[in-house]
Amino acid sequence: MDEQWLLNEARAYVKKQLETDSSGHDWWHIERVTRLARRIAMEEGADVFVCELAALLHDIADEKLNPSMEAGLRKVRDWLELHRVQADAAAHVMQIISTISFKGGHNPPVATKEAQVVQDADRLDAIGAMGIARTFAYAGWKGDLMYDPGLPPRTEMTRESYRHGKSTAVNHFYEKLLKLKNLMNTDSGRRIAESRHSFMERYLDQFYEEWEGRDAK
Ligand code: ADP
Ligand code: NI
């Protein structure tokens with residue numbers, strides 16, 4: 001099986017599927033995650049082909065874009081069968097995609113090095129400058145405020161606040177973004193996460209300074 005051909009086919013398929021998405025799962029997210037997955041796979045000595053293919057297909061099964069997670073996963077399985085991806089690689093890709101999505105950080109650790117690589121790459125795109133941009137874009141799409149000083153930073157979304165739809169872009173940093181650094185699986189992922197994390201901390205400091213009009217004093 002020609003791996004390069006398969007990756008190109010997957011790229012074309014995913015591009016078509018996600019072209020019109022505005023919820024933060026757009027094609028460019030996939031492109032960035034795939035690039036990072038490739039880099040981390042090489043640094044960590046993981047199977048680069050499996051990591052790239054799983055990264056390309058990782059959001060096709062997302063619950064937000066499908067009637068259910070199962071329906072989404074079936075779509076991925078169908079694609080792998082149609083393209084005659086080798087059985088063990090296909091099973092590995094399916095296993096990666098079904099286990100990596102963030103569930104409040106309470107899901108069991110992922111099983112293989114390749115799954116660790118793809119999960120790190122996906123999480124890295126949720127932090128740093130990219131993560132900040134995606135968070136504000138998502139909040140706008142949802143109709144949330146960017147910040148509400150009356151809403152103290154929360155690290156968990158409570159049922160009450162969820163019911164009232166009271167989240168803000170800035171609050172999402174505390175709910176999720178600032179936690180991701182400690183959830184990295186690989187050394188490469190951790191190194192990149194450290195740098196992106198400290199950028200977010202500087203960003204928040206500056207954000208509050210500007211909010212109060214105290215900056216550059
Ligand atoms: P992922 O691609 O990691 O599965 P999600 O589907 O949870 O991420 O969300 C897509 C993007 O939107 C991510 O960058 C995420 O951090 C951000 N996001 C998710 N929920 C919120 C929220 N309530 N407010 C702001 N940003 C959010
Ligand atoms: Ni993703």
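**Fold and nonpolar core of the predicted model**

In the chain, 58% of the contacts with a separation of 6 or more are accounted for by residues 24 or more positions apart. The model is a predicted one, and its chain holds 10 helices and zero strands, so that the pattern read along the sequence is α-α-α-α-α-α-α-α-α-α. Of the 217 residues of the chain, 33% count as buried.

The largest nonpolar core has 45 residues, and those with the most contacts inside it are Ala 37, Cys 51, Leu 53, Ala 54, Leu 57, Val 118 and Ala 121. To this core helix H3, which spans residues 48-57, gives the most, with eight residues. Because residues of the core are given both by domain 1 (1-105) and by domain 2 (126-217), the core lies between these domains. In soluble globular proteins, nonpolar side chains tend to be buried together.

When neighbours within four places in sequence are left aside, the contacts of Ala 37 are with Cys 51, Glu 52, Ala 55, Val 117, Val 118 and Ala 121.

A further position considered here is Ala 10, which is placed in helix H1 (residues 3-18). Between Ala 10 and Leu 204, by contrast, the separation is 194 residues in sequence and 37 Å in space, taken from C-alpha to C-alpha.

Key:
Residues numbered from 1 in each chain as written. Chains lettered and ligands numbered in written order. Predicted model: local features only at pLDDT ≥ 70, side-chain atom pairs only at ≥ 80, totals over all residues. Core = buried A, V, L, I, M, F, W, Y, C linked by C-beta atoms within 7 Å. Buried ≥ 20, exposed ≤ 12 C-beta atoms within 10 Å, placed from the backbone. Helix = DSSP H or I, 4+ residues; strand = E, 2+ residues; numbered from the N terminus. Domains from an automatic or database assignment. Contact = placed C-beta atoms within 7 Å.
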